[in-house]
Amino acid sequence: MSAATPTLYEWAGGADALERLTELFYEKVRADELLEPVFRGMDAQHPKWVAMWLGEVFGGPPRYTEERGGYPHMLEKHRGRTLTEQMRRRWVQLICDAADDAELPSDPEFRSAFIAYVEWGTRLAVANSQPGAAPPPRAPVPRWGWGEAPPYGD
């Protein structure tokens, strides 16, 4: 990719687009019989924080790291939740529907990268939520790009 290639964050439409996505997504979650109990009582700011996470992952500013504590904070939010594969699949379905509703770019390249991250991230969330899981306690926030998984340091 050349230096002129936009980040996924830029291509998606930046913070406004990702906040629109997460607001629509969590509306769906609140109405979903499988996922609503997992998110019952979530802070009203939760959609905004998830948008910040996605923004940083997709190449935007490192706001989640600076304001929320980065990877260790995200990891802690998933520990001990015992998420299931059925919950993961529903999460993926609802965020894909919300991406359509939020009118995120629908070109195959963007959606392929978006879904690749969603699949990767939700599978890690399920694994890290299980009893006895021992994920690395510290890691950088992944930086997702166009068609490749992120490296974890040099």
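Arg-88 lies in helix H7, which covers residues 85-101; helices here are DSSP runs of H or I with at least four residues, strands are runs of E with at least two, and both are numbered from the N terminus. The model is a predicted one, with local features needing pLDDT of at least 70 and side-chain atom pairs counting only at pLDDT 80 or more, while totals for chains, interfaces and linings use all residues. Residues are numbered from 1 along each chain as its sequence is written, and side-chain values use heavy atoms, leaving out hydrogens and water.

With a relative accessible area of 4%, Arg-88 is buried (buried means under 20% relative accessible area, exposed over 50%, and partly exposed in between, using a 1.4 Å probe and protein chains only). Setting aside neighbours within four places in sequence, Arg-88 is in contact with Glu-119, Thr-122, Arg-123 and Val-126, where contact means heavy atoms within 4.5 Å.

Glu-66 is 60 residues from Val-126 along the chain, and their C-alpha atoms are separated by 25 Å. Asn-128 is found in H8 too, a helix made of residues 108-128. Asn-128 is buried at 15% relative accessibility, and its contacts beyond four places in sequence are Leu-75, His-78, Arg-79, Gly-80, Ala-133 and Pro-135.

Stepping back to the whole protein chain, there are eight helices and zero strands. The radius of gyration is 15 Å, close to the 15 Å that the globule rule gives for 154 residues, so the chain is as compact as a globular protein of that length; this radius is taken over C-alpha atoms, and the rule is 2.2 Å times the number of residues to the power 0.38. Along the principal axes, the C-alpha atoms fill a box of roughly 45 × 35 × 25 Å. Buried residues make up 43% of the 154 residues. Of the contacts with a separation of 6 or more, 73% are between residues 24 or more positions apart.

Among the buried ones are Trp-49, Met-52, Trp-53 and Glu-56. Their cover includes helices H1 (8-12), H2 (14-30), H5 (63-68) and H6 (70-78), along with H8. Just after H4, Gly-59 takes a positive phi of about 100°.

Then there are the loops. Most residues other than glycine have a negative phi. Thr-82, in the loop between H6 and H7, instead has a positive phi near 50°, and it counts as partly exposed at 37% relative accessibility. Glu-103 belongs to the loop between H7 and H8. Phi of Glu-103 is also positive, near 60°, and at 68% relative accessibility Glu-103 counts as exposed.
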